[in-house]
Amino acid sequence: ESIDTTKNFTYCELGCANGLNLIICAINNPKGYFIGVDFNEKHINKAKQILNLIGIKNIEFIQSDFKSFSQKQNLSFDFIVCHGTWSWISPIHQRSILEIVSKFLKERGIFYLHYMCHPGSTSLNPIQKLLNTIDHLLAGTSKENIAEGIKLFNQLKDTGTFTDYPNLDSIDKLFNQGNLDYLSHEFLTDFWNPQYSIDIHQVVAQTKALYIGSANLFDNLENISIPLNTQEVLKNISSPILKEYVKDLARNQKQRIDIFQKKP
């Protein structure tokens, strides 16, 4: 049973940044009422500027941390979305997200959660720690410090430090793409933490929202996303959370975009 978006519905994005995704959703879904929440004042001000320019009425933006939002708001939602946030914030804020889902997601409502996951993101852990440490030691801006961190990474790479390091080519390509704003946002947080899907599915289940599939269609199709021999092993695994984790191992999954439903 899914939500009928041809009728009135409510939609909340936690960590909406400058609101572009939410604004596009609001424009294309006039029956929906959309709320974007973000702690960053600059992000919310930018979102409101865009909103005033466009003039649509079925959306609002709220500057708030997740805990305060959970305590002060009294709406219920058909959809709660959290993209590009979970793996970069502290456990305290993660618990606040779960509290919001538990309190305000309607029965049959959908919770969308994006996060970095093991094993595909595991090899980035020590490199992120290197960049984060440099950021703490230097007095420059985030962009200046990430540039210094990448400079040290390249020096170490050229001397053979990472000879046996997994995924070095993809890391090297990522660091040398030149987008320092993105890289500083991605790697300089103190709470950079890939997750195990098993752990995520267990903690989200405490909100009565259960995993029903991926927002990435490809990941739902085992016959094309999982090697044939591994498919045979999966047939003998009855635990849903273990089965999903084995799929992560088989795909060397870097990120997940999971869909949960409240009391499906």
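Trainee: What should I know about the ground rules here?

Mentor: Residues are numbered from 1 along each chain as its sequence is written, and side-chain values use heavy atoms, with hydrogens and water left out. As the model is predicted, local features need pLDDT of at least 70, totals for chains, interfaces and linings use all residues, and side-chain atom pairs count only at pLDDT 80 or more.

Trainee: How many helices and strands are there in the protein?

Mentor: Both are DSSP runs numbered from the N terminus: helices are H or I with at least four residues, strands are E with at least two. On that basis the protein has 13 helices and seven strands.

Trainee: What radius of gyration does the protein have, next to a compact globule?

Mentor: The radius is taken over C-alpha atoms, and the globule rule is 2.2 Å times the number of residues to the power 0.38. For 264 residues that rule lands near 18 Å, and the protein agrees with it, at 20 Å.

Trainee: Which residues of helix H1 are buried?

Mentor: Buried means under 20% relative accessible area, exposed means over 50%, and partly exposed is in between (1.4 Å probe, protein chains only). H1 covers residues 20-28, and its buried ones are Leu22, Ile23 and Ala26.

Trainee: Is glutamine 261 buried or exposed?

Mentor: Glutamine 261 is part of strand E7, residues 255-262. Leaving out residues up to four places away in sequence, it touches Glu1, Arg108 and Lys208, among others; a contact means heavy atoms within 4.5 Å. Its relative accessibility is 7%, so glutamine 261 counts as buried.

Trainee: What is phi of lysine 208 near?

Mentor: Lysine 208 is in the loop between helix H9 (197-205) and strand E6 (209-214). Most residues other than glycine have a negative phi. Lysine 208 has a positive one, near 75°.

Trainee: Where is proline 119, and what is omega near for the peptide bond from histidine 118?

Mentor: Proline 119 is found in the loop between strand E5 (105-116) and helix H5 (125-137). Most peptide bonds are trans. The one from histidine 118 to proline 119 is cis, with omega near 5°.
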